Amino acid sequence: MSLTHTGVTAPADLDPCGREDHPDCGIRDVLDRIGDTWSVLVVVELAGGTRRFRELQRAVEGISQRMLTLTVRRLERDGLVLRTVYPTVPAQVDYRLTRTGAELTHMIKALADWSLAHRDVIAEARNAYDRTHPGHGIR
């Protein structure tokens, strides 16, 4: 683990994935990937078609070159993105969604639609909570 890692990890004796037969093991790993903001934004961008690295970097506002590199590598490793390198000088690389990655876009769209449909209800719930729990500092 790097010095800049900010994730919380469970002690080995509390981590259910220390046991291969635990039902949460595969689910947690996948949800970590698709629940990550950068991965979602890259998948959404690639839903529009094949993109080169710099096109992705320009399209995903705020992502650094390093974070984009890590994100597309993880998505490629998970079988959601296909990376193609062309033998040119300099090498040309492009990225596109695999069939599995394309299937994921439907769920992301459904979540975005749900968020849009419920944003007023959620905003009101947050306001009500903040009024009844002043100073809790939840954001």
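Visitor: Why is Leu111 called exposed?

Guide: Exposed means over 50% relative accessible area, buried means under 20%, and partly exposed lies in between (1.4 Å probe, protein chains only). Leu111 has 54% relative accessibility, so Leu111 counts as exposed. This is a predicted model, where local features need pLDDT of at least 70 and side-chain atom pairs count only at pLDDT 80 or more, while totals for chains, interfaces and linings use all residues. Residues are numbered from 1 along each chain as its sequence is written, and side-chain values use heavy atoms, with hydrogens and water left out.

Visitor: Where is Leu111 found?

Guide: Leu111 belongs to helix α5, residues 99-132. Helices (H or I, at least four residues) and strands (E, at least two) are DSSP runs, numbered from the N terminus.

Visitor: What makes Asp113 and Lys109 a salt bridge?

Guide: The term asks for a side-chain nitrogen of Lys or Arg within 4 Å of a carboxyl oxygen of Asp or Glu. For Asp113 and Lys109 the N to O distance is 3.1 Å, so the pair meets the definition. They are 4 residues apart in helix α5, which means about one helical turn lies between them. Asp113, at 40% relative accessibility, is partly exposed.

Visitor: How many salt bridges does a search of the whole structure find?

Guide: The search finds 3 salt bridges. Among them is the one between Glu124 and Arg131, at 3.2 Å, N to O. Glu124 is partly exposed at 43%, whereas Arg131 is exposed at 56%. Another joins Arg51 and Glu45 at 2.8 Å, N to O; Glu45 is partly exposed, with a relative accessible area of 22%.

Visitor: How do you know that the buried residues of α2 line one face of the helix?

Guide: In helix α2 (residues 37-46), the buried residues are Ser39, Val42, Val43 and Leu46. Seen down the axis of α2, they fall within an arc of 100°, so they line one face. The arc is taken from the directions from the helix axis to the C-beta atoms. An α-helix has 3.6 residues a turn, so residues three or four places apart point the same way.

Visitor: Why do β1 and β2 stand at the edges?

Guide: The open sheet has 3 strands in the order β1-β3-β2, with antiparallel pairing. β1 (51-52) and β2 (81-86) each have a single partner strand, so one side of each is left without a neighbour in the sheet.

Visitor: What makes β2 and β3 a pair?

Guide: Two strands pair if DSSP finds at least two bridges between them. β2 and β3 (residues 92-97) have 6 bridges, so they count as paired.
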